[in-house]
Structure formats: structure tokens, C-alpha cells
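Reader: Please show me the model. I would like to go through its contacts and backbone with you.

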Amino acid sequence: MKNLAVFASGSGSNAERLVEYFKDSDLAQVKLILCNNPSAGVIQRAERLNIPLILFTRSEFKSDKIVGLLKENEIDWVVLAGFLWLIPSNLVEAFPNKIINIHPALLPKFGGKGMYGHFVHEAVVENKETESGITIHFVNEHYDEGAIIFQASYPVTSTDTPEDVAKKGQVLEHKHFPEVVEKLLKEEI
């Protein structure tokens, strides 16, 4: 059984989807949810889902405290699900090619520092893109620059608002993210 730690900064819908997907799995379980935002919706989701939640500060994140916590809990994979901070090198080094992220655009477009959530969807609309999508990628020490694992796209129409774009993307996120995580775990066996 592989142990997953999910990091989230916001509402936590992808974190919840991962918990539900692996709930009855023999392959993996979400063992911990970690959050850097004391007002994030993921906190209530973790409580409702009965998954231990760890809140942490920026200084704790940059120290070895989080890496130690993950090791103590025998975490095998780290999954970023709407987590907004840059991953420090000590965490990347502790989990080489075992940290994955989901990004709400077709990277390399609309990636990098500050490009998350509604900022991405607004940029897609402002740039009159005819498609957008999701990217699941490995994490390195740079925002959204790790090797791409999977992408899926959807059409963007001239009448779509950023909210419309977000809704279309979330459908793909909820469908593909758990499946891609599962595939990676199975390839490791």
C-alpha cells in the first residue's frame, strides 16, 4: 500500500477527489493532507473525510520539519492539488520524481509564479485562446517546469468567461488526476 500526502492551499476539491478515488484501493491511500492556509476550505474537507490535516507556516515548510513529518508517516508520494507555494529543494530531493502537481492550463502556456486558479483562466480568455486544459507534471525547484506526465484539453469559445473556463477545467481535473496518479503508482510496482 502506497501512502500519499496531498498538499492544498484552497477549497480542496481535487484533494477530496483523490481521497474518494483511493478510499477502497489496495494500491494507495491518502494518509495526510497538508495545508499552508489556515482559512482554506480543504481543512473542513479533511475533517469530514477523516483524513489527518497538518497546517504549517512558511518557515516550517522551508525547514526540514515537513520532510521529517512525511518520512515519519511513511509517505511514498506527494501530490500537489491546488498548492500555491514553490516546493523547496530539500523536499524535491527527499522525494525525487515522487512529487506531482496539477496545473489548470496546457503548460508551458500560462505557467510560472502567480499563475494559478482564476489568474490562469483570466489569461486564457484575455489571450483569446481557442483551447485550454490541464497539465499533470512532476515537480522540481521551479514553478511549473517539471516534466509533463499528462495533458488533456477542452475548447474555449469566444463567449466563455473565466468562470466557464474554470468549470471545464475542473471536470478534466477530477476525471484525470486520480487516474494519472494511479497509473504512476502501478508503473512503480
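The questions below go through salt bridges, helix packing and backbone geometry.

Reader: What should I know about the model and the numbering?

Author: This is a predicted model, with local features needing pLDDT of at least 70, side-chain atom pairs counting only at pLDDT 80 or more, and totals for chains, interfaces and linings using all residues. Side-chain values use heavy atoms, with hydrogens and water left out, and residues are numbered from 1 along each chain as its sequence is written.

Reader: How many salt bridges does a search of the whole structure find?

Author: A salt bridge here is a side-chain nitrogen of Lys or Arg within 4 Å of a carboxyl oxygen of Asp or Glu. The search covers the whole structure, and the number found is ten.

Reader: Which residue forms a salt bridge with Glu16?

Author: The closest N and O atoms of this pair are 2.5 Å apart. Helices (H or I, at least four residues) and strands (E, at least two) are DSSP runs, numbered from the N terminus. Glu16 sits in helix H1 (residues 13–22), and its partner, 29 residues apart, sits in helix H2 (residues 42–49). The partner is Arg45.

Reader: Is Glu16 buried or exposed?

Author: Buried means under 20% relative accessible area, exposed over 50%, and partly exposed in between (1.4 Å probe, protein chains only). Arg45 is partly exposed at 22%. Glu16 has a relative accessible area of 10%, so Glu16 is buried.

Reader: How many of the ten residues of H1 are buried?

Author: The buried residues of H1 include Ser13, Asn14, Leu18 and Phe22. They pack against strand E1 (2–8), strand E2 (28–35), H2, strand E4 (77–80), E5 and H7; contact means heavy atoms within 4.5 Å. H1 is largely enclosed by the rest of the structure, because the number of its residues that are buried is seven.

Reader: Which residue forms a salt bridge with Glu188?

Author: The closest N and O atoms are 2.4 Å apart. Glu188 lies in helix H7 (residues 162–188) and its partner in the loop between helix H5 (89–94) and strand E5 (99–103), so the pair ties together parts that are 90 residues apart in sequence.

Reader: What is the N to O distance between Glu129 and Lys109?

Author: Glu129 is in the loop between helix H6 (117–126) and strand E6 (131–138), and Lys109 is in the loop between E5 and H6, 20 residues apart. Glu129 is buried at 17%, whereas Lys109 is partly exposed at 44%. Their side chains meet in a salt bridge, N to O, at 2.8 Å.

Reader: At what angle do the axes of H6 and H7 cross?

Author: Axes are lines fitted to C-alpha atoms, for helices over the stretch in contact, and angles run from 0 to 180 degrees between N-to-C directions. The axes of H6 and H7 come within 8 Å. They cross at roughly 115°.

Reader: Which residues in H7 meet H6?

Author: H6 brings His121, Glu122, Val124 and Val125 to the contact. The residues of the contact divide into five nonpolar, one polar and one charged. On the H7 side they are Pro162, Val165 and Ala166.

Reader: Is the peptide bond from Leu107 to Pro108 cis or trans?

Author: Pro108 is found in the loop between E5 and H6. Omega of the bond from Leu107 is near 15°, and the bond is cis.

Reader: What is the phi of Phe110?

Author: Phe110 is also placed in the loop between E5 and H6. At 17% relative accessibility, Phe110 counts as buried. Phe110 is not a glycine, yet its phi is positive, about 55°.

Reader: What is the phi of Asn50?

Author: Asn50 is found in the loop between H2 and strand E3 (53–55). At 68% relative accessibility, Asn50 counts as exposed. Its phi is positive, in a residue other than glycine, and lies near 60°.

Conventions:
Ala, Val, Leu, Ile, Met, Phe, Trp, Tyr, Cys and Pro count as nonpolar, Asp, Glu, Lys and Arg as charged, and the others, Gly among them, as polar.
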